Amino acid sequence: MLDQLMERYPKLTCVRGEIEEAYRILEESFLRGGKLLAAGNGGSAADAEHIVGELMKGFVKRRPVSDGMREALINVDPELGAGLGEKLQEGLPAICVMGHTALTTAFANDMDAEMACAQQVNGYGKPGDVFLGISTSGNSKNILYAAVTAKAKGMKVIGLTGKDGGRLAKLCDAAIIVPEQETYKIQELHLPVYHALCLMLEERFYEK
């Protein structure tokens, strides 16, 4: 998959090693029962939501629930359980911390809007989880606060950024700094990077 990615986007060859490291971090976390918390602003917030969508349901595979889960659903309610067993899919646990309007606006109003993402990382995050911060500049204050909180919680941090990586790169266990300077061009390279990561994870955890 990475070979195909590099063929389609030769510019990304310089960050292949960082993409591989990000994959290893995510793989290890999911193997140990961890989860991903993702965050960004503007288009990067949409990217964070996009990533969660690809991980939490079938991307290119259907990912049916196990026979045991299907049986358990039917045991709870034969009619409803049968429908659930047919249509539910397995997912890799991931949360975008840019939503949850009541929580984020309450924290922004009562405390500090720039720390609203950090508050969710503090509440959801556990040692072994992963925080993915998406920032084209690498200097978005709310993403930096969230990354610092994640490290303090014993989480791994992955950065998806551009330009020189900004302050975020220094906080990351894996910093994918795509080789562009303008925001929209950076975002154009972020999408194939995270699609590749999601495809690789789906292939790893859902072989059928």
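Student: Which helix holds Ala152, and is Ala152 buried or exposed?
Tutor: This is a predicted model, where local features need pLDDT of at least 70, side-chain atom pairs count only at pLDDT 80 or more, and totals for chains, interfaces and linings use all residues. Residues are numbered from 1 along each chain as its sequence is written, and side-chain values use heavy atoms, with hydrogens and water left out. Helices (H or I, at least four residues) and strands (E, at least two) are DSSP runs numbered from the N terminus, and Ala152 is found in helix H8, residues 141–152.

Student: How far apart in space are Ala152 and Pro127?
Tutor: In sequence, 25 residues separate Ala152 and Pro127. From C-alpha to C-alpha, the distance is 9.1 Å.

Student: Where does Gly125 sit, and what is its relative accessible area?
Tutor: Gly125 belongs to the loop between helix H7 (116–124) and E3. Gly125 is buried, because its relative accessible area is 0%.

Student: Which residues are in contact with Gly125, leaving aside neighbours within four places in sequence?
Tutor: Leu36 is 89 residues from Gly125 in sequence, with 8.7 Å between the C-alpha atoms. Contact means heavy atoms within 4.5 Å. Beyond the neighbours within four places, the contacts of Gly125 are Leu37, Gln120, Lys153 and Met155.

Student: What is the end-to-end C-alpha distance of helix H3?
Tutor: Helix H3 covers residues 43–56, which is 14 residues. The expected span of a helix is 1.5 Å times one less than its number of residues. That gives 20 Å for H3, and its end C-alpha atoms agree, at 20 Å.

Student: Which residues of H3 are buried, and what covers them?
Tutor: The buried residues are Ser44, Ala45, Asp47, Ala48, Ile51, Val52, Glu54 and Leu55. Their cover includes helix H2 (16–31), strand E1 (36–40), strand E2 (94–96), strand E3 (130–134) and helix H10 (183–205).

Student: Which residues of H2 are buried, and what phi does Gly33 take?
Tutor: H2 has 16 residues and reaches 22 Å from first C-alpha to last, close to the expected 22 Å. Its buried residues are Ile19, Ala22, Tyr23, Ile25, Leu26, Glu27, Ser29 and Phe30. Just after H2, Gly33 takes a positive phi of about 85 degrees.

Student: Why do Arg16 and Glu20 lie about one helical turn apart, and how far apart are their N and O atoms?
Tutor: An α-helix has 3.6 residues a turn, so residues three or four places apart point the same way. Arg16 and Glu20 are four residues apart in helix H2, so about one helical turn separates them. Arg16 is partly exposed at 25%, and Glu20 is partly exposed at 27%. They form a salt bridge (a side-chain nitrogen of Lys or Arg within 4 Å of a carboxyl oxygen of Asp or Glu), with an N to O distance of 3.3 Å.

Student: Which residues are linked with Arg16 in a network of salt bridges?
Tutor: A search of the whole structure finds 13 salt bridges. The network that includes Arg16 links it with Asp3 and Glu20.

Student: Which residue forms a salt bridge with Glu180?
Tutor: The closest N and O atoms of the pair are 2.3 Å apart. Glu180 lies in the loop between strand E5 (174–177) and H10, and its partner in the loop between helix H1 (2–8) and H2, so the pair ties together parts 169 residues apart in sequence.

Student: What is the N to O distance between Lys185 and Glu182?
Tutor: Lys185 is partly exposed at 27%, and Glu182 is partly exposed at 41%. Their side chains meet in a salt bridge at 3.2 Å.

Student: How many disulfides does the structure hold?
Tutor: A disulfide is a pair of cysteine sulfur atoms within 2.5 Å. Cys96, buried at 7%, has its closest cysteine sulfur in Cys117, 8.1 Å away and too far for a bond. The number of disulfides is zero.

Note on methods
Buried < 20%, exposed > 50% of the residue type's maximum accessible area, 1.4 Å probe, protein only.
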